[in-house]
Amino acid sequence: MKQRLAILGSTGSIGTQTLDIVRENPGRFEVRVLTAHRNWQQLAAQAREFDADMAVIADENLYAPLCAALQDTDTKVFAGEEAVAQVAGAGSTDVVVNALVGYAGLMPTVAALRAGKKLALANKESLVVGGETVMRLAAEHRAPILPIDSEHSAIFQCLRGEQSPVRRLLITCSGGALRDVPREKLASVTVEQALSHPQWQMGAKITIDSSTLVNKGFEVIEAHWLFGTPAEKISVLLHPQSIVHSMVEFEDGAIKAQLGTPDMRMPISHALLFPERAGRPNERFDFLSHPTLTFAEVDRTKYPALDIAYDSLQRGGTAACTMNGANEVAVSAFLSRKCSWMQIVQTIEYALGHATFVAHPTLDDYAASNAEARRLAAQYLNL
């Protein structure tokens, strides 16, 4: 029986690669729901190709052109962020792929879990912002969460079948686009430099987050919630080759690692087809082409965002929500050339130092914290 998919963020990097997996496995999937933020042209083309039941554009101003583009099809068109969350919980699908970027992914995650759907999760901010709420809903509604992030997919695979305690989760880190840029030159980093990731082809926002290591800090928080592992048992290792996607160390000293080429289609297909694996005959890893795998400590002075994320995790409550909201504003400003690269982390620090803290937040508290963090970030950057 085919799995019926809702792909949220279908025009982005993860969304388009998810559709590649669907093309490779036409007998396994039906695409029922597709959503995009602003790219209505690509969304319309995808809806036509996959004969989607529903297409949702988050930007309500683009409802009319999307309707016009699909008027001769049976695809129903909706608009608005609330509509994205509504279709995530709609009864016409079995699996929700949440490939949305940022805080916008939280409410669709909540809607999917409340509906008891399998959630293939690439939107790490759902867990960064509201991890306690998200995991509680998953347990209450018996809704499985399958991670799409390569690091968390690797840990998930390493833990499968294990019943013994975990000593450490070892999350690997490429170092991002600025890995080889000395500290004294960071003040003059350009947008083009920060977007030139040496291994992964990703969207602009996550590529900038990788350059600051905000993304890696968020992955530590995500790992804590997904696997129930305390912060002190989660380590980050610099691994420039991006071949070892992450590792798990057990109490007997044994370490399991998941290796493979830096290709997101592998963790996407694993999340969609688990407990099976996809047949990808063209995917072959050549060890002789990668004879050296190296590891090093992360320079915490060069990348202060990593410790900020650990601190936010330890504080709990709305701290990580504040970090995320401020980061989203600062990254957008940097990409628009309205602030420097170093001001991204400075903005986060400012927001955390001035934001209201709620120890036991509700969904409404997260919304208020997100809004406040954005206001504080805009204030700091004079936007």
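Angles between axes count as roughly parallel under 35 degrees, roughly antiparallel over 145, roughly perpendicular from 65 to 115, and oblique for the rest. The model shown in these views is predicted, with local features needing pLDDT of at least 70, side-chain atom pairs counted only at pLDDT 80 or more, and totals for chains, interfaces and linings using all residues. Residues are numbered from 1 along each chain as its sequence is written, and side-chain values use heavy atoms, with hydrogens and water left out.

**View 1. Helix H10 against helix H13.** Helices (H or I, at least four residues) and strands (E, at least two) are DSSP runs numbered from the N terminus. Axes are lines fitted to C-alpha atoms, for helices over the stretch in contact, and angles run from 0 to 180 degrees between N-to-C directions. The axes of H10 (residues 214–227) and H13 (residues 319–335) come within 12 Å and cross at roughly 155 degrees, and the two helices are therefore roughly antiparallel to each other. Contact means heavy atoms within 4.5 Å. From H10, Val214, Phe218 and Ile221 meet Ala320, Met323, Asn324 and Asn327 of H13. This contact has five nonpolar, two polar and no charged residues. Here Ala, Val, Leu, Ile, Met, Phe, Trp, Tyr, Cys and Pro count as nonpolar, Asp, Glu, Lys and Arg as charged, and the others, Gly among them, as polar.

View 2. Buried means under 20% relative accessible area, exposed over 50%, and partly exposed in between (1.4 Å probe, protein chains only). Seven of the nine residues of H9 (residues 204–212) are buried, so H9 is largely enclosed by the rest of the structure. The buried residues are Lys205, Thr207, Ile208, Asp209, Ser210, Ser211 and Thr212. They pack against helices H6 (125–140), H8 (191–194), H10, H12 (305–315), H13 and H14 (342–354).

**View 3. Helix H9 against helix H13.** H9 packs on H13 at an angle of about 105 degrees, with the axes 10 Å apart; the pair is therefore roughly perpendicular. On the H9 side, Ala204, Lys205, Ile208 and Asp209 meet Asn324, Asn327, Glu328, Val331, Phe334 and Leu335 of H13. By class, the residues of this contact divide into five nonpolar, two polar and three charged.

**View 4. Two loop residues with positive phi.** Most residues other than glycine have a negative phi, and most peptide bonds are trans. Leu213, which is not a glycine, has a positive phi of about 70 degrees. Leu213 is found in the loop between H9 and H10 and is buried, with a relative accessible area of 2%. Ser242, also not a glycine, has a positive phi of about 55 degrees. Ser242 is placed in the loop between strand S9 (234–238) and strand S10 (244–250), and at 6% relative accessibility Ser242 counts as buried.

View 5. Rings of Phe, Tyr and Trp (its six-membered ring) pair if their centres lie within 6.5 Å; planes under 30 degrees apart count as stacked, over 60 as edge-to-face and the rest as tilted. The whole structure holds three aromatic pairs. In the pair of Phe156 and Phe274, the ring centres are 5.0 Å apart and the planes are at 70 degrees, so the pair is edge-to-face. Phe156 lies in helix H7 (residues 150–159) and Phe274 in the loop between H11 and H12, so the pair ties together parts 118 residues apart in sequence. Phe274 is partly exposed, with a relative accessible area of 25%. A cis peptide bond joins Phe274 to Pro275, with omega about 10 degrees. Pro275 lies in the loop between helix H11 (265–273) and H12.
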